[in-house]
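Colleague: I have a model open and I want to learn how to read it. Where do I begin?

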Amino acid sequence: MSTPERALRRLRDAYGAGHVSTATLEARAALALRGQVEDAIWDLPRWRLTRDPVRALVVGSREWPLNRAGRWTLGRSADCDICIPDDAVSRHHAELAVRAGICLIRDLSSVNGTLLNGRPITRARLHRGDVLELGETEIDIR
């Protein structure tokens with residue numbers, strides 16, 4: 001794979017993870033295609049795929065597999081992809097995204113916030129063994 005192609009792949013992954021806007025993606029893709037690869041990607045995070053990626057979210061005996069790329073909303077509302085029946089969870093509490101083998105969580109301005117391993121987050125990368133807390137509900141990352 002050529003260097004511009006690698007840069008475009010990194011830009012795509014950063015865009016999918018919400019790290020760059022559409023305008024930034026377009027401007028930096030143009031730089032990469034003109035051969036200015038380092039200028040296009042110099043400040044992007046250098047993600048490494050884990051050897052053991054996140055496979056599922058587990059709440060008690062209930063498990064939601066994450067075996068494909070996509071986005072899922074978590075919350076109390078019945079229209080959420082992952083419905084959590086907890087009064088301390090907002091109707092649309094958080095969003096989970098899986099892209100390029102990386103699993104990310106983003107709080108959707110929930111009232112009680114989202115905790116990852118006991119720390120408040122607005123967005124974060126998830127790893128196997130992590131524990132998410134939405135309201136009073138603990139979600140194991142496997």
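Modeller: Remember that this is a predicted model. Start with one residue and list what touches it. Leaving aside neighbours within four places in sequence, I105 is in contact with L74, A94, E95, L96, I121, T122, R123, A124, L126 and L132.

Colleague: Which residues touch the most other members of the largest nonpolar core?

Modeller: The general idea comes first. In soluble globular proteins, nonpolar side chains tend to be buried together. Here the largest nonpolar core has 22 residues, and L57, L74, L96, I105 and L126 touch the most other members. Two or more residues come from each of β3, β5 (94-99), β6 (102-107), β9 (123-126), β10 (131-134) and β11 (137-141). The top contributor is β5, with 3 residues. There is also a second, separate core of 10 residues, with A14, V20, L31 and V37 among them.

Colleague: Is W72 buried or exposed?

Modeller: Buried means under 20% relative accessible area. W72 has 10% relative accessibility, so it counts as buried. W72 lies in strand β3 (residues 70-75). Beyond its neighbours within four places in sequence, W72 is in contact with L66, D81, I82, A94, E95, L96 and V98. Compare sequence and space too: W72 and D86 are 14 residues apart in sequence and 18 Å apart in space, C-alpha to C-alpha.

Colleague: Now the helices. At what angle do α1 and α2 pack?

Modeller: Helix α1 (residues 3-16) and helix α2 (residues 22-33) pack at about 175°, and their axes are 9 Å apart. Angles over 145 degrees count as roughly antiparallel, so α1 is roughly antiparallel to α2. On the α1 side, the contact is made by P4, A7, L8, L11, R12 and Y15. On the α2 side, T22, L25, R28, A29, A32 and L33 take part. By type, the residues of this contact divide into 9 nonpolar, 1 polar and 2 charged.

Colleague: How many strands form the open sheet, and in what order?

Modeller: The open sheet has 6 strands, ordered β2-β1-β11-β10-β7-β8, with antiparallel pairing. Look for strands that pair on one side only: these edge strands are β2 (62-65) and β8 (119-121). From one strand to the next, the twist averages 30°. Take one pair as an example. Strand β7 (residues 114-116) and β8 pair in the antiparallel sense over 3 bridges. L116 stands opposite R119 in β8.

Colleague: Which residues of β9 are on its covered face, and which on its uncovered one?

Modeller: In a regular strand the side chains alternate between the two faces of the sheet. In β9, A124 and L126 make up the covered face, while R123 and R125 make up the uncovered one. β9 pairs with β6 in the antiparallel sense over 4 bridges. R123 in β9 is the bridge partner of R106.

Colleague: Last one: backbone angles. Where is S109 found?

Modeller: Most residues other than glycine have a negative phi, and most peptide bonds are trans. S109 is found in the loop between β6 and β7. Its phi is near 55°, a positive value in a residue other than glycine. At 71% relative accessibility, S109 counts as exposed. N117 also deserves a look. N117 has a positive phi of about 55° although it is not a glycine. The loop between β7 and β8 holds N117. With a relative accessible area of 44%, N117 is partly exposed.

Conventions:
Residues numbered from 1 in each chain as written. Predicted model: local features only at pLDDT ≥ 70, side-chain atom pairs only at ≥ 80, totals over all residues. Heavy atoms only, no water. Axes fitted to C-alpha atoms, helices over the stretch in contact; angles between N-to-C directions. Parallel < 35°, antiparallel > 145°, perpendicular 65-115°, else oblique. Contact = heavy atoms within 4.5 Å. Nonpolar A, V, L, I, M, F, W, Y, C, P; charged D, E, K, R; others polar. Buried < 20%, exposed > 50% of the residue type's maximum accessible area, 1.4 Å probe, protein only. Core = buried A, V, L, I, M, F, W, Y, C linked by side-chain atoms within 4.5 Å. Pairing = 2+ DSSP bridges.
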